[in-house]
Structure formats: structure tokens, C-alpha cells
Amino acid sequence: MGILDVENLKFKYANEELFNSVNFRVLPHDHIVIVGDNGAGKSTFMNLISKNLIPDSGTIEWENNVTYSYLDQHLKVNTDISIYDYLIQSFKDLFDKEKKMNEYYKMLETCDSNLYDKYLSYASDINDYLEEHNFYQIDSTLGNVISGLGLKEYDLSTKLSILSGGSRAKVYLAKLLLDSPDVLLMDEPTNFLDEAHVRFLASYLKNYKKQFVVISHDEGFIREIAEVVYNLDNKELVRYNMDYEHYLVEKEFRARDYANAYKKQQEYVKRTQDFINKNIVRATTTKRAQSRRKALEKLSLLAKPKNHEPMNVKFPFSRDLGDEVLKLEDLSVGYGDKVVLSNLELLLKKNQKIAILGHNGVGKTTILKTIMGIIEPLEGSYKWNPSADINYFSQEESYPAINAINYLRGFYHMKTDQELRTALAQTNIKGDLATKPMTLLSGGEQTKVRLALMMMKKSNILVLDEITNHLDMASKAELWEAIDQFPGSVIIVSHEDDFYEGLVDFVLNFE
């Protein structure tokens with residue numbers, strides 16, 4: 001038995017079968033990455049193995065006494081607590097033991113002599129336990145994670161409720177690493193990390209002595225951490241005991257074999273069904289037809305191979321601009337009395353594409369919010385070309401409990417259902433996905449709805465804040481092409497160098 005054994009798992013979501021008798025294992029020292037297209041069911045599977053959902057059939061068995069912790073895309077935590085108090089909870093058991101040890105030492109001062117050796121032994125045993133679990137290195141352990149994930153820039157007495165969604169996500173990730181469970185379960189852990197912090201997390205996971213299961217679309221990150229790859233495709237999870245590079249090659253071979261097996265099975269089903277139809281009513285052949293019908297009923301049908309369906313992403317262009325698109329002069333940005341970045345100077349010219357880089361909290365999103373007029377500049381000025389038509393993708397978005405069609409209708413009231421469905425279909429939000437509440441869509445599907453919205457607007461400037469979060473590899477490649485072919489100016493904030501390299505003319509890097 002493995003640390004986790006999943007057998008013959010089946011699960012339907014909104015009457016759609018996501019998994020067809022899925023099998024999955026976590027073995028000792030497994031470093032697993034789960035990959036697959038947006039909407040394939042990766043997050044749902046993680047919710048199943050973490051016991052947040054109940055399967056329709058099959059078994060999910062964890063080994064006795066195994067601990068696991070799950071960091072999902074939408075983690076809910078009591079935010080009325082400081083960063084420090086939240087993180088230090090990871091060591092509560094050790095602090096409780098230290099308190100008990102000190103109580104025994106205190107008792108040595110007044111206890112009867114015949115109890116002295118007993119209490120001293122108890123205290124010594126606890127001390128050995130604390131040393132074994134690195135209790136006396138807590139400050140170092142805490143400091144390493146806080147620094148590695150970029151939390152040292154925050155006042156640790158700050159309440160979680162005050163932090164942005166991205167900053168809270170980093171704190172939740174830090175807590176998960178400090179908990180150090182037997183199995184780490186993480187869904188898109190790099191979404192709110194910049195390049196330096198992604199490198200820290202990759203290094204941390206590579207050296208993790210226990211097990212982890214990670215869902216990610218960040219190809220560079222996957223290459224660093226994957227020792228076992230599970231591909232969720234055609235409603236099945238296939239295990240590859242290899243790193244990501246070798247998986248890509250092996251997957252192509254398996255995909256061809258699966259397609260051939262599906263074709264042969266469909267031919268067999270057709271031949272058999274034709275025989276049954278012709279012979280079921282003939283007295284001389286009815287038994288043979290009935291026998292073949294029973295065999296057909298027992299056949300485990302392969303799902304139709306589901307190849308990636310490309311998005312048709314194209315940002316419509318509105319009108320030409322003059323040579324100067326955006327000018328920043330001695331611009332300072334921040335919130336209230338807090339200056340985040342100051343004395344910014346920039347001249348964005350016609351058709352230029354730029355990337356804004358820097359660690360989390362340096363002020364990349366603050367710059368975008370300022371030039372988009374969401375917050376006021378603290379000093380200096382910014383000036384757009386009078387002919388600027390801006391299309392903006394914000395990093396954080398709150399989704400109402402309405403479906404994708406009505407989400408778009410909130411921006412385009414006069415559009416018919418068919419017109420809105422057509423817009424959504426461009427990004428493969430079709431059928432039931434278009435009528436499912438936005439809150440129930442996967443992160444990638446939510447991004448695709450917002451992409452559909454952007455494609456309904458003519459513009460000559462794209463302002464994109466971490467637009468690749470949640471998108472699968474193929475969709476990111478299609479988005480890259482759409483941005484590359486856009487004839488206007490583009491400002492990108494991204495933590496994925498694989499995405500913006502070769503796309504932008506220059507970068508602004510804030511250390």
C-alpha cells in the first residue's frame with residue numbers, strides 16, 4: 001500500500017463525468033506534478049483526495065497517521081490574525097511541549113527527592129524530542145521561509161485582512177511549508193510569486209524530504225521539481241515515473257497508442273452492433289447476437305481522445321496612436337502616506353511592448369492601478385495619448401455568483417445570448433461552461449471568460465497584470481501569439497520569464 005491509494009475513482013460534476021475509473025498513488029519520496037488542460041478536473045481531483053469532496057464511486061485511502069495539508073486556489077482562512085501569529089501556529093505542538101518541559105524543571109525545585117529522577121527524565125525526554133524536531137532552530141526556519149517568499153518586507157504584526165489577495169496567498173504558502181506535513185498538496189502555488197520566490201519554492205520542494213503533489217501550469221517551475229508526472233487527459237490519470245522533459249516525449253507515444261486503441265475499439269463496437277442489429281430477430285442467430293450484446297455491455301469504453309482545442313484569441317485594434325503613448329514624469333505611487341515607488345520616468349512609444357518586473361510588493365500592480373486611474377498618484381504625473389483606447393486585465397478579480405453569459409452582459413447590456421455565447425466560444429467557454437456560475441469555474445476558465453470580454457473591445461493599448469495565472473501551457477502559447485500580433489502598445493506584468501521573453505521590446509526591473 002502506498003501513502004495514498006486511489007482506485008477506480010469516478011466523479012461527475014454537473015452531470016459531466018470528469019474521471020473514468022481513475023487510479024492514483026503517492027509512494028514514499030514521490031515528488032509529483034499533475035498536468036492537464038484547463039477544466040480537465042485537476043483541482044476537483046485535489047479536492048477529492050483532500051476529502052473536501054466525496055467521490056461517486058471508488059476508494060481514496062490514506063495510510064494511517066499520515067498528515068497532509070492542502071493549499072488550493074481559493075483557500076479560506078480566518079484573516080483576523082497577524083502574519084506572525086498565523087505562521088507561528090505551525091509550531092504550536094512544539095511550544096506546548098516546551099511549556100511542559102519547563103513545568104517539569106520547575107517542579108524539580110520543590111519535589112520530593114524520590115521524584116527528582118522521574119521529573120528530570122520526563123524533561124530530558126521532551127528536550128530530546130524538541131531537538132529532534134529542530135525546535136531550537138525555529139527562528140532560523142521561520143526566517144528562511146519569510147525571506148524566501150518575500151514576506152520580510154511586511155510588518156509581521158499586520159493582520160491578514162489588510163493584505164492583498166496575492167500577499168495573503170504567499171502567507172498561506174509559507175504556513176504550509178512551515179507545517180511540513182507528510183504530503184504537501186498544492187494547487188498553482190506560483191501564481192502570486194515573482195521569479196525569485198518561484199526559484200526559492202522550487203529549491204525548497206526539490207530538497208523536501210517527504211512527499212508532495214503539485215498542480216501547476218508554470219512549465220519552468222515544473223521542470224525544476226517534477227520527478228513523477230501524472231497527466232489528466234481523456235478522463236484518466238496516467239503516471240509517468242520520469243522528469244518533465246522525458247514525460248513530454250513519452251506522452252506523445254502514449255497519445256498515439258491511445259488514439260489507435262480508441263479507433264480499433266470503435267470499429268469493433270460498430271461491427272458488433274451491426275451484427276446484433278442484423279441477427280437479433282433471426283431465430284437461427286439470435287443466441288449469437290444476444291451473446292455479443294452481453295459482451296458489448298461489459299466492454300469498458302475508452303473516452304474519445306480529447307485533443308487541445310485552440311483558443312481563437314485576437315485583440316481587435318481600434319485606431320493609430322501618435323509616437324508618444326504614455327509618459328511618466330517624476331511619478332510617485334503608493335497608498336495613503338505610504339510611498340511604494342518614487343521618481344518614475346518612462347516614455348512608452350507607439351507599438352512598443354514592455355514588461356514590468358520585480359519582486360512581490362515592489363509596486364508593479366500599484367503602478368498599473370495608478371496609470372489606470374484606480375488610485376491617485378502621490379506625486380508627479382502620468383499622461384496617456386488622447387487617442388488611447390486601453391484594454392486592462394487586472395490581477396485580482398472578484399467573481400459574482402452569475403454565469404459567464406451574464407458576466408459579459410454586465411458590460412454589454414444590449415448583446416443577445418447568442419452573441420455572448422459566440423464571444424465566449426472564442427476562448428472555448430462553450431455549452432454548460434457558459435451557464436455555470438463563475439464561482440464554480442476553474443481558475444483557467446475564469447481567465448478565459450475575461451479574455452473573451454477583452455476580445456469584445458477595440459483597443460490600441462493592452463495593460464496585462466499576471467494574465468497567465470491559471471492558464472495551461474497551450475493556452476499561454478496562443479495568448480503569446482495574440483499579444484505578439486497585436487499592432488498596438490502593450491504593458492505586461494508577469495512572473496513567468498518563459499512568457500514575456502521574445503515578446504517585449506524592453507523590461508523595467510524594480511529591485
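Author: One definition is needed at the outset: two strands pair if DSSP finds at least two bridges between them. The model under discussion is predicted.

Reader: In what order do the 3 strands of the antiparallel open sheet lie?

Author: The edge strands, each pairing on one side only, are S11 (338-349) and S13 (379-384). The pairing in this open sheet is antiparallel, and the order of its strands is S11-S10-S13.

Reader: Which residue of S13 is the bridge partner of Leu326?

Author: Strand S10, residues 324-335, pairs with S13 in the antiparallel sense, and 5 bridges join the two. Within S13, Leu326 has as its bridge partner Trp384.

Reader: Which helix packs on this sheet, and at what angle to S10?

Author: The helix is H11, residues 364-371, which touches S10, S11 and S13. Its direction and that of S10 make an angle of about 120 degrees.

Reader: Which strands form the edges of the open sheet of 6 strands?

Author: This sheet has mixed pairing, and its order is S5-S6-S7-S3-S8-S9. An edge strand here pairs on one side only, which holds for S5 (68-71) and S9 (236-240).

Reader: What is the average twist from one strand to the next in that sheet?

Author: The value refers to the open sheet of 6 strands with mixed pairing. From one strand to the next, the twist averages 15 degrees.

Reader: Which residue in S8 stands opposite Val33?

Author: Strands S3 (residues 31-35) and S8 (residues 228-233) run parallel and are joined by 4 bridges. In S8, the residue opposite Val33 is Val229.

Reader: How many cavities of 30 Å³ or more does the structure hold, and what is the volume of the largest?

Author: Rolling a probe the size of a water molecule over the atoms shows where empty space is left. The structure holds 1 cavity of 30 Å³ or more. The largest cavity has a volume of about 30 Å³.

Terms used: Residues numbered from 1 in each chain as written. Predicted model: local features only at pLDDT ≥ 70, side-chain atom pairs only at ≥ 80, totals over all residues. Heavy atoms only, no water. 1 Å grid on protein atoms, 1.4 Å probe; cavity = no way out; pocket = protein on both sides within 12 Å on 5 of 7 lines; lining within 4 Å. Points joined across faces, edges and corners; volume = space filled by probe spheres on them. Axes fitted to C-alpha atoms, helices over the stretch in contact; angles between N-to-C directions. Contact = heavy atoms within 4.5 Å.
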